[in-house]
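Let's walk through this structure together, one kind of side-chain link at a time. Have the viewer open and follow along as the residues come up.

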Amino acid sequence: AGVSISDDRTFALAAPCWDNYNSITDDGYVVVYQDTSVLGDWTEHRVVRIRPPYDPLYQPLRRYGSSVAIDGPTLIVGAPYLSCDEGLRCGALYELTDTSASGDWSDLEQVEVQATDAPANAEFGWSVALTQNELLVSAPADDEAAPNAGAVHVLDRDSPWVQRWKMTPEGVGDTALIIFGRRMASDGKTLVVCATGYESGREVQFFQRERGMWQLRNRVKLDDFPYDTVIDGRHAFAGLPSHDDCNRVVHLRDTSIRGDWTSVEAVDLVPSLGGCDDGFGRALTLQGRELFVGVPYSDNGSSHAGMVVVVRDTSSDGDWSETAEEILNQASPPTYWGLFGMALDVSGDTLAVGAPGESSASNLGSVSLFRRNPTSPSGWAEVFQTTPYWVDPGDEYGCSVAVDDSGQVVVGARYA
């Protein structure tokens, strides 16, 4: 769920899960921003709001926009609370295609895609990962393997997407509460899926392709629930913002000879900036040797105003054994319970940060856009902060964000 920034200077904002569209509670919508400036500096930009298709059954609580992924003229939107014939919260995806001649989303087609085997309460569409011609979609409450064990569905690109197979967690008991797939990330070669509830503890699971299928390579135990995860090559990170001792991020490094994640070294990245109860690691995004960490409960200027910390790999061989931290920015001005940094994602020289509690107790929400700036201490400078005029109190606009391999950033209102 989140903001999606593409190489053609476009980013999509999947905003409120709680938009009261035609009196339908929690139905949601998405917003697409496009940079129309001559210099590509976002001083001028286009804003397009896209609502979910009308539902003749008048279904509330779709939460359209809880997860998003964008790839050029294709936009994927998750609606994990959509009802189906089997019951409530089956979930669904919507594939949106920009059919306009100018590529400005003024004309589009929207198709609903449901899982072929998602039962009631599966919450299909909770999170998505788009890689090449494959779409990974989680249903963290799916009960095929066990109650609330979870599942990840693998879909092939077609018109619309077609489910190829369904991944379920291994080694579960009859009463398991695994929540497999609540968070996941892929760099195209390796898939990392977060799970919790195993008798042996919470964990992340690593998969790699073999003969066209994702095969389990390793299960790495953690001592708390990972709220977010990212991966790039032989380095992955998992955020543990609610750890009892202190909020932290775990660096997971592939130490196998073949690069297949069969051997993993786990090292804690304990923050030198911020306190122990500020949500360090609640949201993550990774680009090269820069890791961006959301700290949404940080009391900088106001209670829970939030901030983002940039962690840079300063080691000589790129193994993250030495790091340096800088504060990217805190909400300006800081807002009481603004939750700046609850969602973030980066692509190239553009970074988007969600603050779903922005505008004090009304929870309107906002999104801030940053551009790379070598004169700034953090290396980034804010271009603009926006809360569209149509956002209502309680919408929590921009409550989650994510980025894909092609440089697109998705900002969502999933409110996990």
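A search of the whole structure, which is a predicted model, finds 19 salt bridges.

Now move along the chain to Arg 234 and Asp 254. They form a salt bridge with their closest N and O atoms 3.3 Å apart. Arg 234 sits in the loop between strand E17 (228–232) and strand E18 (235–240), while Asp 254 belongs to strand E19 (residues 248–254), so the pair ties together parts that are 20 residues apart in sequence.

Glu 290 and Arg 372 give another salt bridge to look at, with an N to O distance of 3.3 Å. This one links distant parts of the chain: Glu 290 is in strand E22 (residues 290–295) and Arg 372 is in strand E27 (residues 366–372), 82 residues apart. Glu 290 counts as buried, at 9% relative accessibility, and Arg 372 is partly exposed, at 35%.

Next, turn to the nonpolar side chains. The largest nonpolar core has 16 residues, and those touching the most other members are Leu 136, Met 167, Leu 191 and Trp 214. Strand E11 (151–156), strand E12 (162–167) and strand E14 (190–195) are the elements that give two or more residues to this core. The largest share, three residues, comes from E14. To see how Met 167 is surrounded, set aside its neighbours within four places in sequence: it is then in contact with Ala 151, Val 152, Val 154, Phe 180, Leu 191, Phe 207 and Trp 214.

Finally, where is the disulfide? The structure holds one, and it joins Cys 84 to Cys 90, with an S to S distance of 1.9 Å. The link is left-handed, with -55° about the S-S bond. Cys 84 is buried, with a relative accessible area of 18%, and Cys 90 is buried at 2%. Cys 194 is buried too, with a relative accessible area of 1%.

Terms used: Residues numbered from 1 in each chain as written. Predicted model: local features only at pLDDT ≥ 70, side-chain atom pairs only at ≥ 80, totals over all residues. Heavy atoms only, no water. Disulfide = S-S within 2.5 Å. Buried < 20%, exposed > 50% of the residue type's maximum accessible area, 1.4 Å probe, protein only. Core = buried A, V, L, I, M, F, W, Y, C linked by side-chain atoms within 4.5 Å. Helix = DSSP H or I, 4+ residues; strand = E, 2+ residues; numbered from the N terminus. Contact = heavy atoms within 4.5 Å. Salt bridge = Lys/Arg side-chain N within 4 Å of Asp/Glu carboxyl O.
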